[in-house]
Amino acid sequence: MLSTYLWSSILAILSLIGLAKAAADTVPTKIGNQTIDRTVQLRTHSLFAPYIDQDLQNRWWDFGADSYVNTNKHIRLTRNRPSQMGWLWSRLPLTSQNFVVEVEFKVSGESGHLHGDGMAVWLTTERTQPGPVFGSKNQFTGLGLFLDTYANARHTYAFPRVTAILGDGKLEYNYSNDGDGQEIGACSANYRRTNIATKLKITYVKDTFLDVKIQYQAWDEWTDCFYVEGISLPASPFLGFSAMTGDVSDAHDVIAVTTSSAITSAITSNTSKSTPRTKIPGVSSSTWTGFFFKLFLFIGICVGGYYGWMEYQRRNRYGGGMSNFGGMSMNGGGGFGGMYANPKRF
């Protein structure tokens with residue numbers, strides 16, 4: 001009987017969780033002066049396990065050099081060995097003008113100070129052209145987003161680092177200075193050897209903005225990396241990933257890629273002068289979403305557990321009373337039976 005009430009409580013809790021999650025997912029994402037109303041996933045530019053079909057190929061993706069596929073875990077671009085290079089590229093260009101790319105990745109290796117070199121996310125007009133820039137060609141056309149784990153020079157910022165460079169086909173990446181001064185945006189984030197899934201989210205609205213966030217501290221906690229306005233990427237770029245190791249090494253993995261076409265609308269104001277929103281440093285909108293989701297989850301557990309316990313107590317109390325009445329009925333029946341078995345003679 002107790003298990004029945006517990007299952008009822010669990011189902012009630014799961015219902016509350018579903019409602020809370022659905023409410024969180026339907027909230028439009030506001031970035032800059034644009035609102036992303038909804039997204040439509042693009043199968044052609046998304047990738048999940050087991051990554052390959054029965055012919056050991058993928059219809060939408062190519063991979064090569066030292067990269068290999070572990071169908072249960074990841075696509076490993078480089079092993080934790082020196083002088084490795086691997087790549088993964090979409091076969092079709094990304095034709096959506098506005099899009100969101102979310103990639104789950106992993107950089108792992110030995111503990112210590114010597115590790116590298118890093119991996120890159122590409123949105124360029126070229127594809128499958130190996131080279132010295134994190135495993136891909138130099139003088140690229142489009143966006144290179146570098147997850148750099150090894151500092152080649154002294155800097156005022158820390159490594160690992162996320163650096164974005166917009167190439168025009170002529171710009172040469174400055175290796176010796178880690179592209180310092182060439183970047184359009186960058187941030188430092190310790191995404192190497194973490195205990196949670198590390199993810200990068202790239203949101204682009206044509207000729208309007210590029211927004212990059214990273215998850216590396218806690219689940220569903222996105223940290224703002226950088227935001228650039230007035231940026232234009234080449235039309236119909238290919239989506240790619242590459243990695244490279246030199247004298248020092250790390251394992252670089254791509255675990256999942258989710259690409260979606262974004263449908264946006266401009267944020268309108270009823271007044272001629274809008275009041276700027278106050279933003280708490282280091283706290284993103286997704287962090288508040290996660291906070292309220294956890295709050296709903298906690299309240300649901302408390303409410304479900306309370307009502308489940310009260311129901312169990314109520315049923316247990318009434319069940320005990322019925323047992324007593326049953327005992328009285330049996331005794332009374334015995335008494336009446338004795339009277340009929342031994343009738344009094346007059």
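Okay, let's start with the sulfurs: Cys-187 and Cys-225 are joined by a disulfide, with 2.0 Å from S to S. The cut-off for calling a disulfide is a pair of cysteine sulfur atoms within 2.5 Å, and by that rule the count is one. Remember, a disulfide is a covalent bond between the sulfur atoms of two cysteines. The link of Cys-187 and Cys-225 is left-handed, with -100° about the S-S bond. Cys-187 sits in strand E11 and Cys-225 in strand E14 (residues 223-229), so the pair ties together parts 38 residues apart in sequence. Strands here are DSSP runs of E, at least two residues, numbered from the N terminus.

Are these two cysteines buried or exposed? Cys-187 is buried, at 11% relative accessible area, and Cys-225 is buried at 11% too. Buried means under 20%, exposed over 50%, and partly exposed in between, using a 1.4 Å probe and protein chains only.

A quick word on what we're looking at. It's a predicted model, where local features need pLDDT of at least 70, side-chain atom pairs count only at pLDDT 80 or more, and totals for chains, interfaces and linings use all residues. Residues are numbered from 1 along each chain as its sequence is written, and side-chain values use heavy atoms, with hydrogens and water left out.

pLDDT is the predictor's confidence in each residue, from 0 to 100. The protein's mean is 80, and 74% of its residues reach 70 or more. Over residues 320-346, though, pLDDT stays under 50, and the model has zero contacts there beyond four places in sequence. A contact means heavy atoms within 4.5 Å.

Now the sheet. Seven strands form an open, antiparallel sheet in the order E3-E6-E15-E8-E9-E10-E11. Strands count as paired if DSSP finds at least two bridges between them. E3 (61-65) and E11 (185-188) are at the edges with a single partner strand each, so one side of each has no neighbour in the sheet.

Last, the cores: sets of buried Ala, Val, Leu, Ile, Met, Phe, Trp, Tyr and Cys residues joined through side-chain atoms within 4.5 Å. The largest has 42 residues, with Leu-145, Tyr-191, Leu-200, Phe-241 and Val-257 touching the most other members. Strand E7 (residues 99-108) gives the largest share, five residues. Apart from that core lies another of 12 residues, including Trp-87 and Trp-122.

Methods: Helices (H or I, at least four residues) and strands (E, at least two) are DSSP runs, numbered from the N terminus.
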